[in-house]
Amino acid sequence: MLEVQDLHKRFGGFAAVSGVSFKLEKGTIMAIIGPNGAGKSTLFNLITGHVEPTAGRVLLAGREITGAPPHEICRLGVGRSFQRTNIFPNLTVFECVQAAVLAHHGKGRNFWLRADQLYREQTEALLASLGLADKANSLAGELSHGNQKQIELGIALASDPDILLLDEPTAGMSSGETHETIALIARIAAERGLTLLFTEHDMEVVFSIAAHIAVLHQGRLIAEGTPDEMRRDPEVRRVYLGERS
Amino acid sequence: MSRRPVPWVLVLFLVLLCIPWLGSRLYTFIATDIAILALFALSLNLLLGYTGLVSFGHAAYFGIGAYTTAILMKTYGVPFVVAFPAAGIVAAGFALVFGFFCVRLTKIYFAMLTLAFAQIVWAICFKWNDVTGGEQGMPNVPYPDLGWMSAIPGLGSLRSGDHFYLLVLALVAVAIAALRRIVASPYGRMLSVIRENPERAEFIGINVRLYQLSAFVVAGFFAGLAGGLFGIFNRGVFPDFAYWTKSAEVLIMTILGGMGHFWGPAVGAMVLTLLNQQITSYTEYWPLILGIILIVLLFGFRGGIVGAVVALNRRLRGR
Ligand SMILES: Nc1ncnc2c1ncn2[C@@H]1O[C@H](COP(=O)(O)OP(=O)(O)O)[C@@H](O)[C@H]1O
Ligand SMILES: [Mg+2]
């Protein structure tokens, strides 16, 4: 479904991502782990067109999308969320999510209908499934960090993506919130048959839902495999798991 | 039975419609001025308040519209029904060309480029004597033929300035209704999403630059219409219409009235015009007063007049 071939990104002289290749099969849940600064967010930015790679290719369903603008990549079915909450602060929660629904249905060019009457049900259903129904009319920017993370997820889901990239969807959450959110993501992924690629710092969480794990270290993919294989891999234990125990 | 909300906009329109019957030439004159400038300011707010684009050169499109209508009517004898929409279309055409370059830049660079293009427009108006009349402008732009209005019962006794005012009021009302429709549409929602967070907007599948450009063109269109009316109202068009001070003036109107609310810029246009009228008859220190008003506004009422009223209203209603 998604394939990354020998992807490189240099910022000035600094190699943030160097020579990363992997394949993501349809319907799987894959996690990318690695310490801070390993290049996880940069990798997401490269895949979604936010940052242009220095070298390498990104293929979506066999079609090259390297260097395409983000809005095109989104329209091809790749959704994403951001590590640092990135929403529309002065819109209501409803408007934030509905905007993405409107854009997804190609209604952006319509300048004569009333926006607030369109796709109400879809938007409300999505908000309800995220537990945001009672916050629909609050300004997105005024809500708690946890709620904003949910809105972030809602905006990403509203485009009805085939592949969803979540960059630390639980960053800054308490452990209780983290588990709720992860359960929610797993449920939605299963319901929609999503292909999911995510990064997460809580190892317990990663091992609980990912079928496949890739370990990134200083911009390089040093290991890849099932959770069990990763747990046994001495290199992974040394650079990452070891660090935390 | 739930109470029907009062259709304030309709009430306001009907009140404005009555102004000619007050019998004062001055009132009609000021009301025409305000109506046209309100449209001009509302057109700017499509960029400023809705799309989050700061234009320092919006007067360019006002000026282009004014010259288009004036040249067509005076030089070529084209009737108003053609010369008026032409003002919007020609201004939109220029906005498309200039905007193509502007949306490639962001923030202050965008603003400076809009200013640069506006100065070019001004320079052309100023120097192209054969077509624009150069520095002298084009005086004596003819009034549209409004003889048919006298035939309408009740309007026969009014002066031609009153007839023109009624025409302006009707056209501005239609233009504002269209703008209102646009900002409430899905397209308008995409613009506010871009204002809120252009980076994120890309990731919900919006081609941000294209939408910014289209907003620039639409805003230019309506500014052009306002300019077309203003040239006739002013009985002449002059390079000043496109000068940067005009761009600053409309920017001040928009911020004074409140760019966070649809009607804010119209209120700003009204207040600024009335203040200008009043204060200049007492003192020559209008720029000083204007400066003070701006300072108070920026420190005290970021939401402008309408923003302050809305906030006050909310507080009075309770909680
Ligand atoms: N736009 C940028 N310009 C310069 N350096 C960057 C940029 N984005 C990321 N980096 C650097 O690349 C490295 C990887 O960052 P990032 O991808 O955010 O890591 P992670 O998400 O794994 O914590 C970091 O050292 C970071 O400072
Ligand atoms: Mg990161």
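Two strands are taken to pair if DSSP finds at least two bridges between them, where strands (E, at least two residues) and helices (H or I, at least four residues) are DSSP runs numbered from the N terminus. By that criterion, strand β3 (residues 29–33) of chain A pairs in the parallel sense with strand β8 (residues 195–199) of chain A over four bridges, and Met30(A) stands opposite Leu197(A) in β8(A). β3(A) also pairs in the parallel sense with strand β9 (residues 212–217) of chain A, again over four bridges, with Ile33(A) opposite Val215(A).

This is a predicted model, in which local features need pLDDT of at least 70 and side-chain atom pairs count only at pLDDT 80 or more, while totals for chains, interfaces and linings use all residues. Residues are numbered from 1 along each chain as its sequence is written, chains are lettered from A and ligands numbered from 1 in the order in which they are written, and side-chain values use heavy atoms, with hydrogens and water left out. The model scores ipTM 0.91 and pTM 0.92; for chain B the mean pLDDT (the predictor's confidence in each residue, from 0 to 100) is 92, and 98% of its residues reach 70 or more.

Returning to β3(A), five of its five residues are buried, in the sense of under 20% relative accessible area, with over 50% called exposed and values in between partly exposed (1.4 Å probe, protein chains only). Ile29(A), Ala31(A) and Ile33(A) point one way from the strand, whereas Met30(A) and Ile32(A) point the other way.

Elsewhere in chain A, strand β1 (residues 2–11) and strand β4 (residues 55–60) run antiparallel and are joined by five bridges, one of which involves His8(A) and its partner Ala55(A). β4(A) pairs in turn with strand β5 (residues 63–64) of chain A, in the antiparallel sense over two bridges, and Leu59(A) has Glu64(A) as its bridge partner. Two residues lie between the strands of this hairpin, where Ala61(A) takes a positive phi near 50°.

Which residues coordinate the magnesium ion (ligand 2)? Ser41(A), through OG, and Gln83(A), through OE1, do so at 2.0 Å, where donors are N, O and S atoms within 2.8 Å of the metal (3.2 Å for Na, K and Ca) and sites may look incomplete because water is not among the atoms. The pair links distant parts of the chain, 42 residues apart, with Ser41(A) in helix α1 (residues 40–47) and Gln83(A) in the loop between β6 (78–81) and α3 (93–104). Ser41(A) is partly exposed, with a relative accessible area of 25%, and Gln83(A) is likewise partly exposed, at 28%.
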